[in-house]
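Here are my notes from going through this one. Have a look at the model first, then see whether you read it as I do.

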2 protein chains.
Amino acid sequence: MKNQVFQHFMSDNVCFGCGSQHPDGLRIESYWDGDLSVCTWTPQDKYAGWKGLLNGGILATLVDCHCMGTAIADAYRREGRSLDSDPVYRYATGTISVKYLKPTPLAHDVLLVAKVTSFKGRKTELTCDVYSNDVHTATASVVAIRVFDSSDDGEKNAFGQ
Amino acid sequence: MKNQVFQHFMSDNVCFGCGSQHPDGLRIESYWDGDLSVCTWTPQDKYAGWKGLLNGGILATLVDCHCMGTAIADAYRREGRSLDSDPVYRYATGTISVKYLKPTPLAHDVLLVAKVTSFKGRKTELTCDVYSNDVHTATASVVAIRVFDSSDDGEKNAFGQ
């Protein structure tokens, strides 16, 4: 299971941020490094905020999707099972808060490091730190909610219903 | 000045979210409606999070850029001057917090309504609410920092330096 990419186990994931098959998405890849989950992403120039700097909303998108993938992987890991096992869980963002510490350049890969700080029922809380070329450029907190569980009955499975 | 689009007065804006000339950006348009600033944006399918639903990070990007535009326009308005006047101000995001209340469909236009809640020196605080087809789908708070002022001397003008 070492270094399995979380997103490779999300079939039919159409997400702009983390859909592995999205033709024009960010296609992030997240995996465990001990108790932390990490993601390295290479910026494209079109995702500028200011000239030469990454757009803050795209940075939030990276954080959001990295944390949702981490929440899923964490839930499976707590149950001692692999990412391709049943039941299938999916998480959606309850809240995200990002503090921008310094500009994040487009010229370097962006490193995201997330940590699960709380796990209660369907709710997982995480922190996520963002680095560019060893500079800490943003810090975030995220609440993830389990909105899909393939072992649930019927209507509970529909996101937001 | 009624219904002037804030982003039309940001020359050389390369931003993915609000650059008017960005060839593949979100190209949001924000304007005053009394003391509120509003933005209506039509989703593209590629910005899905879940099938048929807007990606949460893209929603955050809309909120972020709409609030930065509002912070700029508010600062000019407080000085009783038009958006094409000098000095030129630019704001960057200090923090953004988004609470997702309900899924935001791709099928409807997204309406953003922002309000300035605090203005002190270089710091402007705002709230932003997101609606889809009259449903309140997200609420956000944003801190904007004036990082560029064309009347400042030399080094102060450089974002983040």
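The points below go from the ground rules to the pair, the fold, the core and a few backbone details.

1. Ground rules first. This is a predicted model, where local features need pLDDT of at least 70, side-chain atom pairs count only at pLDDT 80 or more, and totals for chains, interfaces and linings use all residues. Residues are numbered from 1 along each chain as its sequence is written, while chains are lettered from A and ligands numbered from 1 in the order in which they are written.

2. How do the two chains relate? The same surface serves both: 100% of the contact residues of chain A recur in chain B, a contact being two C-beta atoms, placed from the backbone, within 7 Å.

3. On the fold, chain A has one helix and six strands, in the order β-β-α-β-β-β-β from the N terminus. (These are DSSP runs numbered from the N terminus: helices are H or I with at least four residues, strands E with at least two.) The radius of gyration of chain A is 15 Å, close to the 15 Å from the globule rule for 161 residues, so the chain is as compact as a globular protein of that length. That radius is taken over C-alpha atoms, and the rule is 2.2 Å times the number of residues to the power 0.38. Among contacts in chain A between residues at least 6 apart in sequence, 64% join residues at least 24 apart.

4. Next, burial. I count 43% of the 161 residues of chain A as buried; the cut-offs are 20 or more other C-beta atoms within 10 Å for buried, 12 or fewer for exposed, and partly exposed in between, with C-beta atoms placed from the backbone. The largest nonpolar core has 86 residues, and Leu62 and Val63 of both chains touch the most other members. Such a core is a set of buried Ala, Val, Leu, Ile, Met, Phe, Trp, Tyr and Cys residues joined through C-beta atoms within 7 Å. Leaving out residues up to four places away in sequence, Leu62(A) touches Trp41(A) and Val110(A), among others.

5. Then the helix. H1(B) is largely enclosed by the rest of the structure, because 20 of its 23 residues are buried. H1(B) reaches 32 Å from first to last C-alpha, close to the expected 33 Å (1.5 Å times one less than the number of residues). Gly56(B) belongs to this helix and is buried, with 27 other C-beta atoms within 10 Å. Its contacts, beyond residues up to four places away in sequence, include Asp64(A) and Thr93(A) as well as Tyr100(B).

6. Finally, backbone geometry to check. The Asp86(A)–Pro87(A) peptide bond is cis, with omega near 0 degrees, and Pro87(A) sits in the loop between helix H1 and strand E3 of chain A. The bond from Asp86(B) to Pro87(B) is cis too. Arg27(B) has a positive phi near 45 degrees and is partly exposed, with 17 C-beta neighbours inside 10 Å. Asn133(B), with phi near 55 degrees, lies in the loop between strands E5 and E6 of chain B and counts as exposed, having 12 such neighbours.
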